[in-house]
Amino acid sequence: MLIPHPLLGPRDAQEFTYLGDAALLNRPDPASGTAAFCDYVYLRDNPAGTHRELWYHEYGDRSWLLVTRDTLSHEILDVRLAREVKTGGTA
Amino acid sequence: MTQTRLPGGLIDRNQPLSFTFNGRKLQGYQGDTLASALMANDIRLVARSFKYHRPRGIFSAGSEEPNALLTLGEGADADPNTRATVVPLREGLVARSQNHAGPLGWDLWSVNDLAAPFFAAGFYYKTFMWPRAFWEKLYEPAIRRAAGLGALSQLPDPETYDKGFLHCDLLVIGGGAAGLSAALTAGRAGANVILADEDLRLGGRLLAESDPLDDAPAADWVARAEAELRALPNVRVMPRTTVFGVYDHGVYGAVEQVSDLPGAALRQTLWRITAKRAVMATGATERHIPFRDNDRPGILLAGAMRAYANRWAVAPARGKVAIFTNNDDGHRTALDLQAKGVDLLGVIDSRTGARPFGDYPIFAGGRVTGTSGRRGLRAIRLAWNGREEELACAALGVSGGWNPNIQLASHHRGRPQWDAARLAFLAQGGPEGLIPAGAAAGEGSTHHALTSGHHAAADALRQLGLTTPAPALPRAEDRQGGAEAFWHVPGKGRAWVDFQNDVTVKDIKLAHQENMRSVEHLKRWTTLGMATDQGKTSNVTALAVMAELTGRSIPETGTTIFRPPYTPVSLSVLGGGDTGAHFRPTRLTPTHAWAKAQGALFVEAGQWMRAQYFPRPGETHWRQSVDREVLAVRAGVGLCDVTTLGKIDVQGADAGEFLNRIYANMMGTLAVGKVRYGLMLREDGFAYDDGTCARLGESHYVVTTTTSNAGLVLRTMEFARQCLWPDLDVTLISTTDAWAQIAVAGPNARRLLSRVVDGFDLSNETFPFMACAELTVAKGCPARLFRISFSGELAYEIAVPARYGQALMDRLMREGADLGVTPYGTEALSVLRIEKGHAAGAELNGQTTALMLGLGRMVSQKKDSIGAVMSRREGLAQDTRRLVGLQAVDPARPLPAGSHLFREGAARDTATDQGWITSACYSPHVGGHIALGFLEEGDTRLGEIVIAANPLQGTEAACRVVPAQFVDPEGGRLRD
């Protein structure tokens, strides 16, 4: 697979480490208690189809990327820097 | 040479080559394959079949070969299951047949053939079921010995392999008429082109045919095309390169056979080719027509027979040759053989209205109903005009039509589609950017192959925004196939569909009777289409037979899907040379060469090689060295390279706040010039990693991690920085390799260090325990000094730029000679930390909590941090197991790590399990074996005797529960 890095252009997937469901961007408020954290830590979506997921460019520039990928075709629909998604408030 | 050699061909008769087959010395020519050379020596029997041990001969002339699998080479170089049809003959080649007991001609296992009624598909599943224990001990070993292919040498592969990456605009897969045409079009247009072909020379089927191009031999045009392509700087021509798989986003896997010679500088290269577009000009594979006893040596695909005659100038046997066909292509073989002077028996054509294309007998509407000849074809049975007769015949060419090679187009689950007019499956919905052309697209004639290759390349280039000049293609034959559906000759006896797996028409019938209605079930139950040939000559025929049995059409019956690899790929080339010492990078500490010179033994710690201990003359057991090193640290001073601990530089206005959220304990309040022990949790509340955090400036921290977690902790911290709290002003960088760090530990540590620092005041008052500073040593070398201790002694860790690490070690050794300075390795380091009760990897194994480690109070309640909320959840917060020290009651009795702890007299089972030992060693300080472990309510059971049981080793030892700190529990030594 090739992942189009927003800063570096198309990069081989072997340069990346996969984390999974981008829901991990939404860490609950610490005051919300263990139930909210249980959901955050243990529950993940694993859809057959469009999936928003986190990839880490570990053997590259160490960017965390939010990749929108079709898990059936591996088509990559969108790639953005995770930190820009967070600061843009669109996560 | 014998009479099977014909005139002409693309072999060089001035270059004879000697080779051996089963020890027999034989000769062929440069340009031969092993298969054509065997045929030229009139050797028809070359193999025994997989299950029935039937005599088998060469069946094809290409990579689809199901029968002629041989073992090449000897010893460690032996390469089993090599298709003789794709091996270029070379001087001294050693080939052997496989899968037989005794000589090839008198295989003892051919009794399996007599017992054939018992060996039908599914036989093993049904028969060898009971008793269950017999499967592993008796049935499977026996079956494995008798069935199967070649044997591995069981020795490491001595050859050299490599891997590489290539990029192009257009990848052309296949160098036949369509592929050459596509490559010429794209090359002339200036596109970046790779042309890959599995064969030794370009040309594909053009080399196997007698038809001219522009009234000249096709090989002339091929040579001119190749010369033009090789002269273009934007084209890379790669013969002997098999594209075996299509992967996501235009990535293609290919193996290039660089050399066949044993001991060559390079045998194969694995290429990852990233192509914007690709042309699948992979040609077509002929199919056969099953009839009774159709597997005898001498029965070949008709197109292969033609290739042997035209390209390699060899007839399939001495004597008469017959053709059995359902289409016009079979007649081409007859004409070409006749032109070469082969004695033609005639053409048996299943089509009732068939007419001859030349001067030879034709048996229109005829069919072959049987054969005879024990080790090679002697006669065929012909049913024609209502009569059956036996005709002497040494070879039979069979043509059942051609299957486009669409495997690559299926690698992304593209479902092939049946084309009723062409009687073939065509690619449909294949990988994006892969365009079929030529015979692979069902375009059978040379004219069509040339034009469709051009169009495919032009389409691809148009998509990339390039225009292509008008083609200058040679005039070529433009015949139509004229095939009529005829899938198998019904009748008694066994008619093979899949030669490699010994699957017959009967097996398919049986599968159907057993309700294996899906083709996927048929495949798995009969093993049809498996192994090295992946059913290239059998899959479609099997589908057609099954369709006939079920009364459904072929599209209704469906097809199995192709997966990579197209042809077998060796594990060696997938490793690409990354074996042994090259399996992964090795990281050496800055003092590695010095430690080696001191005679150190090394141990792998992740990627690092660390000094394990430093034996001295007279020491015969590792324990002597380690005990000496430990005692030297406790009594004097020792040196240990601790560079491998992960170091992460944390800077920014919000660095303190960031670390507050990373560590369970408070870091923001740490004073400049101080160090604090830090514990990280995972978000699920379990302990993750520990280390020290030093504050070098207002907005500058340096944190350390354990050696093994260095990369993971940086990943986690980057996740927190970018994905959780991007609003914080903080940056991170790993400085593990930038700084050499040496632990200086022992009562004499301060005296030794004072001799190397540049006037720095090391007194306890100005530089107390847990202080840190930036300073210079050895007259101006920049350094960082941390007063921290892993051993429990007065200790420091001093860091200098990595390139000065060895010089610093040398200097410290010299300056400390009168203080008894002693280098120590990881073994002593481990003993020292166990004696001091410090947690390490075995205690922080991902299943333990801060509470269990006795560090529960470190998890700050005043702030949020990763894992803080979950560490307080039910189940974790109530855990009653605690880290304790354990001291062997009999000091000489070891307490193996991994032992479980039980009360005295209790049963040894999970219900009575009280905990386990994590780390253990012999303690020279205590004078006996000690351990660390987790014990139920361990903090309240000091003094109690428990049993450490290790059922795996069959050992038990009584031990006393003691505080985890065996050395200086008050910590006075650290603070002196």
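**Labels and their grounds**

Modeller: This is a predicted model. The lining of the second largest cavity divides into 10 nonpolar, five polar and two charged residues. That cavity has a volume of about 130 Å³.

Colleague: What makes it a cavity and not a pocket?

Modeller: A 1.4 Å probe fits at its points but cannot get out, so the term is cavity. Its lining has 17 residues, with T591(B), A611(B), F614(B), D641(B) and Y824(B) nearest the centre. α15, β33 and β34 of chain B each give two or more residues to that lining.

Colleague: Which residues lie nearest the centre of the largest cavity?

Modeller: N403(B), P404(B), Q407(B), V540(B) and F562(B), out of 15 lining residues. The volume is about 170 Å³. α12(B) supplies the largest share of the lining, three residues.

Colleague: Why is the R27(A) and E683(B) pair called a salt bridge?

Modeller: The N to O distance is 2.5 Å. The cut-off is 4 Å, between a Lys or Arg side-chain nitrogen and an Asp or Glu carboxyl oxygen, so the pair qualifies. The count between chain A and chain B is five salt bridges.

Colleague: How large is the area buried between chain A and chain B?

Modeller: About 2600 Å², with 57% from carbon and sulfur atoms. R27(A), R62(A) and R83(A) supply 26% of what chain A buries against chain B, more than any other three residues.

Colleague: How many residues are in contact?

Modeller: 31 of chain A with 28 of chain B.

Methods
Residues numbered from 1 in each chain as written. Chains lettered and ligands numbered in written order. Predicted model: local features only at pLDDT ≥ 70, side-chain atom pairs only at ≥ 80, totals over all residues. Heavy atoms only, no water. Contact = heavy atoms within 4.5 Å. Buried area = accessible area lost by both parts, 1.4 Å probe. 1 Å grid on protein atoms, 1.4 Å probe; cavity = no way out; pocket = protein on both sides within 12 Å on 5 of 7 lines; lining within 4 Å. Points joined across faces, edges and corners; volume = space filled by probe spheres on them. Helix = DSSP H or I, 4+ residues; strand = E, 2+ residues; numbered from the N terminus. Nonpolar A, V, L, I, M, F, W, Y, C, P; charged D, E, K, R; others polar.
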